[in-house]
Amino acid sequence: MKTNVRLWRQLQPHRRAFSTTPQRLDNYAFIGLGQMGYQMARNLQAKLSPSDSVHLFDLNKGAMEKLAQEMKSSQAGGAAVKLADDAAEAARDADTIISCLPEPRHVKSAYGTILESGLPARPKPRLFIDCSTIDPSSSREVAASVSKVLPSGQGAFVDAPMSGGVVGATAGTLTFMLGAPESLVARIEPVLLRMGKRVLHCGPQGTGLSAKLANNYLLAINNIATAEAMNLGIRWGLDPKVLAGIINVSTGKCWPSEVNNPVPGVVETAPASRDYAGGFGIGLMKKDLRLAMMAAREAGARLDLAEKADEVYDTAEADERCKGRDFSVVYRYLGGKE
Ligand code: NAD
């Protein structure tokens, strides 16, 4: 029953209903307006009511100003928009602070600024939701500093990395992997559902990132293996579409073979069919693989394929024909026929 209620809630539109009774003011901060954060903040703001506010901050002033302009001129209305001069100013009057930053050092730096600023108390505990893909240890470190600096019960830091890419962020269809105490899930879920369509609670703080990195480790390996198997079959004389069709009804089937096939023309919508443009950048894949390797070392888990995969992504990224392209471009790096 509980699952059905959760599923029903996930399927509902997430714009809050307007009523004639005065609404409680909800203050948000959004820090990190890059490829993902920009779109996520846009969806969040559009689905809030005019009595709410969103404080924006990014080191890139141009991105902040462009987004604020877009939000203000949108027909959708939404929450009031304010620009902040730093992460601390964005967080000062916010109850819910969302961050979407590239790497552990950026997350530590932004939260360092926030916590050092001496945040004034809010009527309800502050909720910090970090959607960045970083390693679980760094995330736990930041969560521990939040608990240390904010008086007991005055704030909590949770991890909610996502999958779905820029396309999902733009459409508001992301899947979030949430690491948070059970007691906070009911408060966090509606916030995330304004930017995505699914929230998977993985366990206590840090476990969202563990789930994300385990998945992306598998993806890193599957992608290389698919590129190698396709290259092999094609060199043996198989037609690429015939081979992919066989794999996709057989035991080798995986997301890279079925959705993101690395051979141009096999899947028309895959980045490979548009010169590997867009998609999941090879640099991000390498970053996630390295985070998984670091977290595996800490957990004492053997990853026998990781070093080789890292070498493949590293060398492929340094190749001008592959740099900045979708990670399926390893097929090109392997010398695959295009
Ligand atoms: P991005 O590099 O496009 O954007 C990051 C933004 O953070 C930039 O605008 C940068 O100016 C800003 N920034 C950096 N340090 C800051 C600081 N201290 N304070 C404020 N702003 C700061 O990155 P992205 O693609 O949006 O990814 C964000 C996170 O989401 C990463 O951890 C990434 O791994 C993860 N992710 C990305 C994708 C994707 O397809 N792009 C998919 C899933 C998850």
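Is K108 buried, partly exposed or exposed? At 34% relative accessibility, K108 counts as partly exposed, where buried means under 20% relative accessible area, exposed means over 50%, and partly exposed is what lies in between, as judged with a 1.4 Å probe and with protein chains only. The structure is a predicted model, in which local features need pLDDT of at least 70 and side-chain atom pairs count only at pLDDT 80 or more, while totals for chains, interfaces and linings use all residues. Residues are numbered from 1 along each chain as its sequence is written, and side-chain values use heavy atoms, with hydrogens and water left out.

## Around K108

K108 belongs to helix α5; here helices (H or I, at least four residues) and strands (E, at least two) are DSSP runs that are numbered from the N terminus. If neighbours within four places in sequence are set aside, K108 is in contact with S138, E141 and V142, contact meaning heavy atoms within 4.5 Å. For V142, which is 34 residues from K108 along the chain, the C-alpha atoms of the two residues are separated by 6.5 Å.

## The ligand and its shell

The ligand is surrounded by 23 residues, of which the closest are Q35, M36, D58, T133 and K287; a residue is near a molecule if one of its heavy atoms lies within 4 Å of it. Helices α2 (35-46), α5 (104-116), α7 (165-171) and α12 (282-299) each supply at least two residues of this shell, and α2 gives the most, with three residues. Sorted by class, the shell has eleven nonpolar, nine polar and three charged residues, where Ala, Val, Leu, Ile, Met, Phe, Trp, Tyr, Cys and Pro count as nonpolar, Asp, Glu, Lys and Arg as charged, and the others, Gly among them, as polar.

| Residue (backbone atom) | Ligand atom | Distance |
|---|---|---|
| L59 | nitrogen | 3.4 Å |
| L101 | oxygen | 3.0 Å |
| P102 | oxygen | 2.9 Å |

Taken alone, the ligand exposes 840 Å², and the protein buries 86% of that; such accessible areas come from the Shrake-Rupley method with a 1.4 Å probe, and for residues only the protein chains shown count as cover.

## Nonpolar cores and I129

The largest nonpolar core has 62 residues, and those with the most contacts inside it are F30, M40, L56 and I129; such a core is a set of buried Ala, Val, Leu, Ile, Met, Phe, Trp, Tyr and Cys residues joined through side-chain atoms within 4.5 Å. A second, separate core of 35 residues includes Y217, A272, V312 and Y313.

I129 sits in strand β5, which spans residues 126-130, and with 0% relative accessibility I129 counts as buried. Among the residues that I129 touches, not counting those up to four places away in sequence, are I97, Y111, V158, I188 and L192. The C-alpha atoms of I129 and D26, which are 103 residues apart along the chain, are separated by 15 Å.

## T226 in helix α9

T226 has its place in helix α9 (residues 207-235), and T226 is buried, with a relative accessible area of 7%. The side chain of T226 reaches the backbone oxygen of N222 at 2.6 Å. Beyond residues up to four places away in sequence, T226 touches C254, P256, S257 and P262.

Most residues other than glycine have a negative phi. D275, although it is not a glycine, has a positive phi of about 60°, and a positive phi of about 60° is also found at Y276, again not a glycine. D275 is found in the loop between α11 (255-258) and α12, and Y276 is likewise in the loop between α11 and α12. Which of the classes, buried or exposed, applies to Y276? Y276 is buried, with a relative accessible area of 0%, whereas D275 is partly exposed at 39%.

## Two further partly exposed residues

P190, in helix α8 (residues 182-192), is partly exposed with a relative accessible area of 35%. A301, in the loop between α12 and α13 (306-318), counts as partly exposed at 41% relative accessibility.

Note on methods
Polar contact = N/O pair within 3.5 Å; in protein donor to acceptor, adjacent residues only side chain to side chain.
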